[in-house]
Amino acid sequence: EDYPSYLHKPGTADIFFRTDFEAMKDAYLMMHDSMSNPTSEDRKVDVLTQKSFLSKYAEHNQTRTRNGYNPMLEDYQNTKVFLGYTALSSKTD
């Protein structure tokens, strides 16, 4: 359940802060570009929902309850994960 405010009795709600993932993506790419000679092949950014991230990278079948409910996939639907990739160079000096 989403609350209209973070001012709730401690322990009654998880608090996540809003993040502008598009701005973070732009900042990540700008920082990466300033530190190297970028090409579109050597950098990538993904912003995934928690469900998409866990479906791809986690053993989410281990978090299913006896009645089939899976809180890791079904809760936190408004939570996202930021992934920044940088390809490793195969060049040797």
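Me: What makes Phe53 and Tyr57 separated by about one helical turn?

Reply: In this predicted model, Phe53 and Tyr57 both belong to helix α2 (residues 50-57), and because they are 4 residues apart there, the separation is about one helical turn.

Me: Why is the aromatic pair of Phe53 and Tyr57 called tilted?

Reply: Their ring centres are 5.2 Å apart and the planes make an angle of 45°; since a pair needs centres within 6.5 Å, and planes under 30 degrees apart would count as stacked and over 60 as edge-to-face, the rest being tilted, the pair of Phe53 and Tyr57 is tilted.

Me: How do you know that Tyr57 is partly exposed?

Reply: The relative accessible area of Tyr57 is 43%, and because buried means under 20% and exposed means over 50%, Tyr57 falls in between and is partly exposed.

Me: Why is the pair of Tyr28 and Phe82 called edge-to-face?

Reply: The rings of Tyr28 and Phe82 lie 5.6 Å centre to centre with 75° between the planes, and because planes over 60 degrees apart count as edge-to-face, that name applies to Tyr28 and Phe82. Tyr28 is in helix α1 (residues 21-35) and Phe82 in strand β2 (residues 80-86), so the pair ties together parts 54 residues apart in sequence.

Me: Why is Tyr28 called buried, and why does Phe82 count as partly exposed?

Reply: Tyr28 has a relative accessible area of 19%, and since buried means under 20%, Tyr28 is buried; Phe82, at 22% relative accessibility, counts as partly exposed.

Key:
Residues are numbered from 1 along each chain as its sequence is written. This is a predicted model: local features need pLDDT of at least 70, side-chain atom pairs count only at pLDDT 80 or more; totals for chains, interfaces and linings use all residues. Side-chain values use heavy atoms; hydrogens and water are left out. Rings of Phe, Tyr and Trp (its six-membered ring) pair if their centres lie within 6.5 Å; planes under 30 degrees apart count as stacked, over 60 as edge-to-face and the rest as tilted. Helices (H or I, at least four residues) and strands (E, at least two) are DSSP runs, numbered from the N terminus. Buried means under 20% relative accessible area, exposed over 50%, partly exposed in between (1.4 Å probe, protein chains only).
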